[in-house]
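Subject: Structure handover

Hello,

The structure we discussed is below. My notes on helix packing and salt bridges follow it.

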Amino acid sequence: MTWPMLFGVLSLMTFQLADSAFVGQLGQDPLAALGFTLPMQQLIIGLQVGLGIATTAIVSRTLGAGDEVRAYRLGGLIITVGGTLVFVICVALWFLQSHIMAALGAEETLLPLIRRYWVPWLIAAWTGAFLYFGYSICRSHGDTRLPGYMMVATSLTNIALDPLFIFTFGWGLPGAAWATVTSFGIGCLVIYPKLLKRHWVRFDLRQLALWRALKQLNAIMAPAMVSQLMPAASAMLATALVAGFGSVAVAAWGLGTRLEFFSLVVVLALTMSMPPMVGRLLGAGDVEQVRRLVRIAVRFVVVWQLAIGLTWVVASGLVSELFSSDSEVQEVLAAYLVRVPLSYSGLGVCMLMVSVCNALGLAMRALLVSTLRLFLCFLPLLWLGSQINGLFGLMSGALVGNLLAGAMAYSFYRAGMARLQQQPMSTDA
């Protein structure tokens with residue numbers, strides 16, 4: 001189940017990097033405008049991933065109980081609820097864009113460019129979320145191949161359309177968003193007919209005990225969604241801190257953040273594949289085997305992410321030249337790449353522990369880990385570093401904060417496992 005998702009997530013990160021590389025050729029201002037949308041993008045992704053976690057848990061559990069018709073109706077409910085929620089958020093973001101940009105510290109000269117980009121970007125965000133809900137239903141039925149293949153296909157389509165829409169048609173920065181809308185739209189036209197053909201979604205929701213279903217959905221979705229939304233809140237505050245150093249800093253920080261997403265692709269795939277394994281072992285009462293599985297995964301993540309970080313350090317000069325034509329952005333990005341990636345091992349462990357804790361039924365512990373990682377380890381050290389050594393100190397603060405977060409998350413997981421051994425099927429409060 002991991003391999004299709006690994007290639008799928010890798011392809012998504014690749015197209016996002018390709019977007020950044022193409023936009024980087026437009027100059028400093030378009031790159032900075034792109035950087036200011038990243039916190040909002042993480043907000044929407046947090047919502048859709050939280051709902052995706054709930055989808056996998058509820059639909060697969062209902063199928064396991066043998067109630068297929070209810071599982072199909074739950075699929076229809078999830079698509080309806082998810083599509084509506086993301087639409088409402090996108091509309092709210094459109095009306096609040098001026099206030100958001102002011103809060104993030106966007107320069108006045110960037111606002112016209114951001115406004116032109118905002119509409120196609122919001123449409124792309126909604127289309128991507130709608131497609132993701134279809135992927136989640138496929139995964140809940142045990143099919144990871146179709147979502148994995150479609151992620152690859154839509155990503156390749158996006159990369160192919162980027163230069164056409166950005167440069168050939170002369171649409172500039174908005175062209176990148178329209179390329180994403182087109183590729184995700186094609187994905188929806190493939191996924192949803194297949195879901196309907198397989199009868200995995202039904203919209204006769206009146207036959208569903210609606211209030212009970214919504215409560216069941218919310219019980220899992222709410223803590224998972226809040227946990228997923230923490231990085232978005234943190235990204236907004238971090239962007240506001242970085243914006244104090246000018247648009248060059250925001251442009252480089254946005255590029256670095258996209259490289260971070262790409263660097264953590266294996267960890268993201270593990271967070272999707274490990275929960276079913278952990279859940280099965282826990283259901284069998286084999287807590288010691290869960291410990292062994294998690295220990296192996298943690299060791300792998302530490303070694304793998306350390307190797308990734310060292311690779312970015314060695315290639316920092318080449319990568320910064322590849323992703324931006326602006327010499328100032330290149331300098332700041334190179335400084336980012338010799339500092340922050342060295343902490344990806346700690347960040348990877350933290351992400352894995354959040355996923356494992358959710359699978360163990362320790363949802364509140366997972367939420368606590370996410371909260372403390374960002375608001376105790378990451379953001380305070382970002383601010384402290386910026387006070388000591390400006391922008392470069394801020395990056396060093398990110399390095400230390402991520403490493404502390406990894407150690408903290410693993411200690412919280414071990415404490416949770418100790419409680420589970422005493423009360424194997426209990427939930428965490």
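For the packing values, axes are lines fitted to C-alpha atoms, for helices over the stretch in contact, and angles between N-to-C directions run from 0 to 180 degrees. Please keep in mind that this is a predicted model.

Helix packing. On that basis, helix α13 (residues 327-337) packs against helix α15 (residues 363-422) at an angle of about 35 degrees, and their axes are 9 Å apart. The crossing of α13 past α15 is right-handed. On the α13 side the contact is made by V332, A335 and Y336, and on the α15 side by L391, F392 and M395. Six of the residues in this contact are nonpolar, with no polar and no charged ones.

Salt bridges. Searching the whole structure gives three of them.

- D204 with R73: the closest N and O atoms are 3.1 Å apart. D204 sits in the loop between α7 (173-197) and α8 (210-243) and R73 in helix α3 (residues 68-95), so this pair links distant parts of the chain, 131 residues apart. R73 is buried, at 16% relative accessible area, whereas D204 is partly exposed at 27%.
- D204 with R202: here the closest N and O atoms are 2.8 Å apart. R202 is partly exposed, with a relative accessible area of 31%.
- D143 with R198: the closest N and O atoms are 2.8 Å apart. Because D143 lies in the loop between α5 (111-140) and α6 (145-168) and R198 in the loop between α7 and α8, the pair ties together parts 55 residues apart in sequence. D143 is buried at 14% relative accessibility, while R198 is partly exposed at 33%.

R73, R202 and D204 are linked in a network of salt bridges.

Regards

Key. Residues numbered from 1 in each chain as written. Predicted model: local features only at pLDDT ≥ 70, side-chain atom pairs only at ≥ 80, totals over all residues. Heavy atoms only, no water. Helix = DSSP H or I, 4+ residues; strand = E, 2+ residues; numbered from the N terminus. Left-handed = near helix turned anticlockwise from the far one by under 90°. Contact = heavy atoms within 4.5 Å. Nonpolar A, V, L, I, M, F, W, Y, C, P; charged D, E, K, R; others polar. Salt bridge = Lys/Arg side-chain N within 4 Å of Asp/Glu carboxyl O. Buried < 20%, exposed > 50% of the residue type's maximum accessible area, 1.4 Å probe, protein only.
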